[in-house]
Amino acid sequence: MEKKGLYGLIAEFDTPTDVVNAVHKAYDAGYRKMDAYTPFPIEALNEALHLKRSKVPLIVLIGGIVGALGGYLLQYWASNIAYPMNIGGRPMHTWPMFIVITFECTILVASFSAVLGMLALNGLPQPYHPVFNSPRFELASRTNFFLCIESDDPEFDERKTREFLEQLSPGKVSDVEH
Amino acid sequence: MSVALKHEGEHEAHHQELSPLRRPLIEGRKTYGDVTTDICSLMERKPGGLWWAAFITSLTIFLAGAIATTYTVTTGIGTWGLNKTVGWAFDITNFVFWIGIGHAGTFISAILFLFNQKWRTSVNRSAEAMTLIAVMCAGIFPIIHMGRPWLFYWVLPYPNQRGSLWVNFRSPLLWDFFAISTYFIISAVFWYLGLVPDLATARDRIRSKWRHALYRVMSLGWNGSNRTWSRYETVYLILAALATPLVLSVHSIVSFDFATSVIPGWHSTIFPPYFVAGAVFSGFAMVMTLMILVRKLMKLEAYITPQHLENMCKVTLLTGSIVTVAYLTEAFIGFYSGNPNEMFVIINRAMGPYSWAYWTMVTCNAIVPQFFWFKKARTSIPMIFVLSILINVGMWFERFVIIVTSLHRDFLPSSWAMYTPTVTEIVIMLGSFGLFFTLFLLFLRIFPVISMNEVKGVLHYARD
């Protein structure tokens, strides 16, 4: 990590309601580069942070189509071209027999693209993240709710932002070093 | 898994009053900190005597099964009681039985998630683990049955040097391979995805060196940022939607192994729904048996409450009744067909030499779950424990009856035969139970047994 200095300022809250209200106020105050860190998902935060619609469903759709086509074509190619097997003079293109595996391949590839797409968009696995440098951050996975305003937000000013966060009456406001 | 806190700010007052209709899902007025401590401390403290006793017993039984399996593989399938007429028996019974057990986990995590059943949060993690382990147990049986299990990878479609021989995509046995491997992979992914945030909690709490390193790697650097959660929630919902038809497809495809053949008693269009209902039925019965043991062994009475068990009893009652209707329909269609071979199978099942197995099945699967109509039975834990075990005995016999009674008296009376399992087969079957419990007990020690992040989300359900 070459970057030095402040990654942002982080405020700690006790309840989900407090953090949701804090995010609303921060958004109204013009902050955009911020994120909330919580021990469980809170839907109201998506709205408060004005998150855009996720790209994940599109990735899944593409994965599903690739899986379906791939599964079907593999079966068609293997049983008609690579290793044709004529059973009792029946038509070679036995599409009803291929449905089951096509279905399984659709689900398999769609699910994989969902999970891998999510991991990629979230930048996981993530060996290092500055928020872990803040002193009480380990509580973010257990009991407490955090709001971090990042220093590269155009509105960010160390003194003003700290004052802003403090008037939201959090448990504590601390620096997040890079 | 998520909480709708949208209006909590404005309508704080509504949360102050207790609901007159709903009881809290988690008892004992737990806080977020309590949930973390309760679940993580199960992983931190040394296992008790009871755990060790259970583990050593299971491991011993598993090793006995491993010896019997080695004997079979090195000697041949002749070590089993199969003959020319009854070519499938114990082994395939066990396979179908374990696959059936493996249905409850994904049912709870996917279908109940789509139906917004919040009570699932206490049991989904261990039910999913149960599913994975049951599918592993199931997977062993067809591989042993191959006779030359070291060539099992021949079922994979890949370019090869055997004259480029391709697998037969028109065979239901290959469909089965695809269905079960897809099911196993997706269940494992679903389970692991659900674990990631909880492993992050464990990482932030547990300090012992190896454990910390394990959770650190497995939690992928999860920091609980809302952007991450938001995509995670979307993916969880999508996976639930994809896993739902998958669960229903797996046992349907297992039933195709039978239904697409021409054996009377197998060749039937009722098989897919009948197998799926039976699978969910036996899966839930196994979840109940395990949850009753887990809540006692791990002292999780506040999380897995009688309310959870009662809900599962209701699912068992419903699916058990579907199974009963399937039995009646099967018998009716047998006679309605006018086909003497079909009629003979029905009569032979109920009155032939394996009638004891048939009537065990009917008693355990059609009569036993009917006790769950009574609230007294649904709320008495010893009662649920006994009934859930009886249901699984019944469901094991159901597969035995379907397989053996349909085969042992085939079209030519001169080839009629009886089937008796050998000691080897019985030990392999017991060994699969040993494997199941060994892995499940390890799971209880290594991973968070209850999904902490989901329970925290429903902690305030019907509470201030």
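**View 1. Arg136(A) and Glu12(A) form a salt bridge within chain A.** Their closest N and O atoms are 2.7 Å apart; a salt bridge here is a side-chain nitrogen of Lys or Arg within 4 Å of a carboxyl oxygen of Asp or Glu. The pair links distant parts of the chain, 124 residues apart: Arg136(A) sits in the loop between H4 and E3 of chain A, and Glu12(A) in strand E1 of chain A. Helices (H or I, at least four residues) and strands (E, at least two) are DSSP runs, numbered from the N terminus. Over all chains, the structure holds 17 salt bridges. This is a predicted model, in which local features need pLDDT of at least 70 and side-chain atom pairs count only at pLDDT 80 or more, while totals for chains, interfaces and linings use all residues; side-chain values use heavy atoms, with hydrogens and water left out. Residues are numbered from 1 along each chain as its sequence is written, with chains lettered from A and ligands numbered from 1 in the order in which they are written.

**View 2. An open sheet of four strands in chain A has the order E2-E3-E1-E4.** The pairing is antiparallel; two strands pair if DSSP finds at least two bridges between them. Strand E2 (34–37) and strand E4 (172–177) of chain A are the edge strands, each pairing on one side only. On average, neighbouring strands of this sheet are turned by 25° against each other, direction ignored.

**View 3. E2(A) and strand E3 (residues 145–150) of chain A are joined by four bridges.** Met34(A) has Ile149(A) in E3(A) as its bridge partner. Helix H1 (residues 16–28) of chain A lies across strand E1 (6–13), E2 and E3 of chain A, at about 20° to E3(A). Axes are lines fitted to C-alpha atoms, for helices over the stretch in contact (heavy atoms within 4.5 Å), and angles run from 0 to 180 degrees between N-to-C directions.

**View 4. Asp35(A) forms a salt bridge with Arg227(B) across the contact of chain A and chain B.** The closest N and O atoms of this pair are 3.2 Å apart, and the count between the two chains is two salt bridges. H1, E2, helix H2 (43–48), helix H3 (56–82) and helix H4 (95–121) of chain A each supply at least two residues of the side of chain A that touches chain B. The largest share of that side, 17 residues, comes from H4(A). The contact takes 65 residues from chain A and 60 residues from chain B.
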